[in-house]
Amino acid sequence: MVNNDPKAPLLPERDKERNPVLECVGLGIDFGGLTAVDDFNITIGATEICGLIGPNGAGKTTVFNLLTKVYQPTRGSIYLDGKDTKHMNTVRANKAGIARTFQNIRLFKGLTVMENVLIGLHNEMDYRLGGALFRLPNYWKAERIARERALELLSIFDMQDFAEHKSGSLPYGSQRRLEIVRALATNPTLLLLDEPAAGMNPAETDDLMSNIKKIQETFQIAILLIEHDMSLVMGVCEGIAVLNYGKLIAKGTPAEIQNNPKVIEAYLGAGGGDDA
């Protein structure tokens with residue numbers, strides 16, 4: 001059955017007895033006289049894989065920027081694990097459990113793969129400035145634990161052998177995986193993936209699909225992804241929300257969304273342009 005109420009929660013059975021990881025209520029943002037997102041409502045289960053799709057310019061990346069506090073909403077509320085994020089900035093939102101990747105890869109390409117992951121582990125580094133400056137025992141202990149954790153995360157994606165390689169020297173698909181590993185290093189409860197398959201060939205996309213499922217199963221976290229590759233979205237997402245002109249027009253299972261007249265009309269009638 002198609003969900004005709006875009007505001008209604010849509011959760012997997014396994015998450016219905018658990019508190020949602022994310023709740024957006026009446027979320028909106030204006031830039032001058034332009035409304036980019038309006039009355040955005042979504043509830044994501046604790047271990048749900050959810051897709052956020054829509055034509056170019058629909059406002060998908062703007063939603064991600066609101067969730068990560070790059071932008072502060074003009075109206076509405078965002079609750080992460082039941083906590084209102086109203087007064088959070090990007091750093092506090094990350095520490096509260098939300099991590100993301102970007103449309104355009106944002107690695108420190110002059111640093112090694114290991115160093116990129118260690119940067120993501122900064123929330124777990126347990127030593128003070130003095131310990132780092134004077135190389136006290138607690139500094140070396142924290143560094144050893146962090147490196148072991150970084151290798152553990154890299155091994156999930158079979159990247160441990162590249163730990164000392166410069167991240168900029170990796171193939172494109174491996175750089176995409178590394179960005180996801182770095183995000184996971186912050187120990188999130190909600191992982192936002194912004195067009196993770198962009199620029200990938202079909203084999204890399206299939207590998208990415210397997211990795212997204214592996215992340216959900218291994219870490220037992222929620223994943224919200226923006227993606228234009230419908231084979232990936234339909235193959236990995238349990239629920240899908242559709243955005244058009246800054247408003248949610250539908251939510252449902254992949255099968256429901258594929259056959260939703262509003263969604264079909266939005267895509268067939270969509271023009272080009274960059275995402276807002």
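Modeller: The part to examine is the largest cavity, which is lined by Leu10, Ile42, Thr43, Glu48, Cys50, Gly239, Ile240, Ala241 and Lys251. A cavity is a set of points on a 1 Å grid, over the protein atoms alone, where a 1.4 Å probe fits but cannot get out; a lining residue has an atom within 4 Å of a point. The model is predicted: local features need pLDDT of at least 70 and side-chain atom pairs pLDDT 80 or more, while totals for chains, interfaces and linings use all residues. Residues are numbered from 1 along each chain as its sequence is written, and side-chain values use heavy atoms, without hydrogens and water.

A search of the whole structure returns one cavity of 30 Å³ or more. The space in the largest cavity comes to about 50 Å³, a volume being what is filled by probe spheres set on the grid points, which are joined across faces, edges and corners. By class, five residues of the lining are nonpolar, two are polar and two are charged. (Ala, Val, Leu, Ile, Met, Phe, Trp, Tyr, Cys and Pro count as nonpolar, Asp, Glu, Lys and Arg as charged, and the others, Gly among them, as polar.)

Two strands, β2 and β9 (239-244), each supply at least two residues of this lining. Strand β9 is the greatest contributor, with three residues. (Strands are DSSP runs of E with at least two residues, numbered from the N terminus.)

The structure has zero disulfides by the rule applied here, namely a pair of cysteine sulfur atoms within 2.5 Å. Cysteine 237 takes part in no disulfide, and the cysteine sulfur nearest to that of cysteine 237 belongs to cysteine 50, at 6.6 Å. Cysteine 237 has 6% relative accessibility and therefore counts as buried; the term means under 20% relative accessible area, with over 50% exposed and values in between partly exposed (1.4 Å probe, protein chains only). Cysteine 24 is also classed as buried, because its relative accessibility is 4%.

Two of the contacts can be named. Isoleucine 29 has valine 37 in β2 as its bridge partner, whereas leucine 27 has phenylalanine 40 in β2. The two strands form a hairpin, with two residues between β1 and β2. In that turn, glycine 32 has a positive phi of about 65°.

Strand β1 also pairs with β4 (residues 75-80), in the antiparallel sense and over five bridges. Here leucine 22 stands opposite leucine 80 in β4. In a regular strand, side chains alternate between the two faces of the sheet.

Technical notes:
Pairing = 2+ DSSP bridges. Helix = DSSP H or I, 4+ residues; strand = E, 2+ residues; numbered from the N terminus. 1 Å grid on protein atoms, 1.4 Å probe; cavity = no way out; pocket = protein on both sides within 12 Å on 5 of 7 lines; lining within 4 Å.
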